[in-house]
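Subject: Structure for your review

Dear colleague,

Please find below the structure that I am handing over to you. My findings follow it.

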There are 2 protein chains.
Amino acid sequence: MSTILDVCKLANVSKATVSRVINGTGQVKESTREKVFSAMQSLGYRPNRLAQALATNKTHTIGLVVSDFDGIHFGLLLKQAAASAEFSKKQLIVTDGHNDPDYEYEVIMQLEAQCDAVVLYSRTLTDDHIQRLHQQLTIPIVVINRDLPEQLFHSVSFQQEDAIKLMMSHLLDNGHRQIACITGHMMNPTGIARLNGYKHSLAQLGVNFDEKLVKHGVYDMKSGYQACKEFIQEGIQFTAVIAFNDCMALGALRALTEAGIQVPEQVSIIGIDNDPVSEFFTPRLTTVKLPIADMTKQAVELAITLCDETKATHSYQYKGQLIERESVMPVRSVLSS
Amino acid sequence: MSTILDVCKLANVSKATVSRVINGTGQVKESTREKVFSAMQSLGYRPNRLAQALATNKTHTIGLVVSDFDGIHFGLLLKQAAASAEFSKKQLIVTDGHNDPDYEYEVIMQLEAQCDAVVLYSRTLTDDHIQRLHQQLTIPIVVINRDLPEQLFHSVSFQQEDAIKLMMSHLLDNGHRQIACITGHMMNPTGIARLNGYKHSLAQLGVNFDEKLVKHGVYDMKSGYQACKEFIQEGIQFTAVIAFNDCMALGALRALTEAGIQVPEQVSIIGIDNDPVSEFFTPRLTTVKLPIADMTKQAVELAITLCDETKATHSYQYKGQLIERESVMPVRSVLSS
DNA sequence: TATAAAAAAGTAACCGGTTACATTGAAAAT
DNA sequence: ATTTTCAATGTAACCGGTTACTTTTTTATA
């Protein structure tokens, strides 16, 4: 690997001059520029980014931190982040926090010297962790999908509770009253907000909240399958299932199908996310779209902006959008009674 | 962000001494060590990785390059790579090549100063590109899932042709002779090897190869769906579908279901990958497992080893493994005839 | 107690770049 | 012809660490 000194020797100029032609800064005579260019060419020279970063205190890199590479939105999120970063000629460093808040905190602090800004999509960190990060970090941080109590952070969030209410309305409008609920993790604000959505929707119609109709999943198909299977085995009555993401809804669908229960004729199912696979199951899953790609784009672009200019705190809020497909229909008992 | 100099001042020692306590190298008096530690503590000091990397020419980072973040194996691959890297306390830089070979080549060359080794999972680069990379790079490179003509590279590959033969045998053993084939991209070795597997299996039983039974997909559900729909609309006769990955197989399943064709009673389907979602469709998809996680683990661990010691070229080969589920059954006409 | 050996700490060069400032040389202005 | 101006380039300090080598201090040995 050749360095700037190799170029200097070959082109017979000083480091400063080479640096000038690399960066297109300052005045350089055309003939010199060419001399340097051809020297770089023949050496296959590429400036060392680490050295550049150290010297300029600019890394042209943005860090993306997720709690876990397993996360359901991870694919779309990463793809969009990569696209937005590349568009602005920024490099992307992606790290996960192994679902361990303290580890995740350390990871982010470590990133400080390696990035100009960080985008955080954390399921694991507590509000307190995020608070501390915000105070300690000298680089801007944009938080996705977390409703922080104060408007102190740059954030791109999603109206969790309203989204669940949207799903519930759709079910309730179709006459469903016994609605089994498969939640996600209950340690973080998202799960709590969503469960509130479920409870409040029920309350609004005067339907009693029934503990037995709620089971906790972990956002993957297996846990959705498992939860639904348990509902069935326990002989619990329900006419619809609401799951806190599409994967679990799809797992539930599988459990119902296995048990010989017709969807949506006997039981309706609704999910949230609008996962690309949802369209390919039979029946096609009705869901609420969580615009993770748009949110990511917004977040990354904001982060990139913040690399160069300090801005007042921005926060963007996104809303869910119902996508009606085939897995919900009016409840039978209502029709037949 | 405090630097080593801040620590020096606070602890009243030189840079060298601080460096020694950071790295645990050389001799440091216990009392001094404590002084320095507490200085670091109270400053919240973290060594600048960029500076360390520049000084030591060791980044403790391995680069993972994929052609496209969309890629079907990407999720599992990344998760496993992250796990293996973290286990060895290495950082991971992940980049994609936007499906553009020249861009991808540049990306990898750029990584040279930022990583100690790179793991490449490329669908896009030509053998020639890889050859050149190998010559130019001063850091080791491990190639996943590519059968390079020569054994010049460190590689972890998969027996593509044999895997397809395994799928075909399963179908042929079940009496299928009219087997529709949904391929992937045909520009790269994987696609070509797999199509050869299809052709050779047919030839071995003296079944004529029929162009009309082959359509090209792009490894996503939509293209599998589309291809299968076309087979149906064109009135082509087939008793089984083989797809070059599970996603496309699942797309095909959807197309058949929509058309009112029973799977597997009327048409059997087989995929390859053992995608986690395959188990949740109805019928559960029969497939050949492509052990991408194992392969990735192998590749990353090899890369990590190569950071510290030069080793002779290693290459590992993995084989497919049939996972029988519910989407294949003996062909009807055979039974009834 | 003097001296050799070992331990502890410091000095300064280096990694590969950038950049403020200084210097040179040639064209423009007087 | 002399001075001014400015384009072109060089010099050297700096970014934040590491490390070979040197110096100082401590401990062991005679």
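I begin with the contacts to the DNA, then turn to chain A as a whole. Please bear in mind throughout that this is a predicted model.

A polar side-chain atom of Gln52(A) lies 3.0 Å from a phosphate oxygen of DNA strand C.

DNA strand C is surrounded by 27 residues, and the closest are Ile4(A), Lys15(A), Ser19(A), Arg20(B) and Thr32(B). By type, the residues of this surface comprise eleven nonpolar, eleven polar and five charged.

Which helices supply at least two residues each of the surface near DNA strand C? They are helix H2 (15-23) and helix H4 (49-56) of chain A, together with helix H2 (15-23) and helix H4 (49-56) of chain B. H2(A) provides the largest share, with five residues.

At its N-terminal end, the helix is capped by Asn48(A), which has a side-chain oxygen 2.8 Å from the backbone nitrogen of Leu50(A). Just after H4(A), Asn57(A) adopts a positive phi of about 60°.

I turn now to the overall form of chain A. Its secondary structure consists of 13 helices and twelve strands. The radius of gyration of chain A is 26 Å, whereas a compact globule of 337 residues would have a value near 20 Å. Along the principal axes, the C-alpha atoms of the chain fill a box of roughly 95 × 40 × 30 Å.

Some figures on packing and surface complete the account. Of the 337 residues in chain A, 53% are buried. Among contacts between residues at least 6 apart in the sequence of chain A, 71% join residues at least 24 apart. The accessible surface of the chain amounts to about 14,800 Å², and carbon and sulfur atoms contribute 49% of that area.

With kind regards

How values were computed:
Residues are numbered from 1 along each chain as its sequence is written. Chains are lettered from A and ligands numbered from 1 in the order in which they are written. This is a predicted model: local features need pLDDT of at least 70, side-chain atom pairs count only at pLDDT 80 or more; totals for chains, interfaces and linings use all residues. Side-chain values use heavy atoms; hydrogens and water are left out. A residue is near a molecule or strand if one of its heavy atoms lies within 4 Å of it. A polar contact is a pair of N or O atoms within 3.5 Å; within protein, one must be able to donate a hydrogen and the other to accept it, and residues adjacent in sequence count only if both atoms are side-chain atoms. Helices (H or I, at least four residues) and strands (E, at least two) are DSSP runs, numbered from the N terminus. Ala, Val, Leu, Ile, Met, Phe, Trp, Tyr, Cys and Pro count as nonpolar, Asp, Glu, Lys and Arg as charged, and the others, Gly among them, as polar. The radius of gyration is taken over C-alpha atoms; the globule rule is 2.2 Å times the number of residues to the power 0.38. Buried means under 20% relative accessible area, exposed over 50%, partly exposed in between (1.4 Å probe, protein chains only). Contact means heavy atoms within 4.5 Å. Accessible areas come from the Shrake-Rupley method with a 1.4 Å probe; for residues, only the protein chains shown count as cover.
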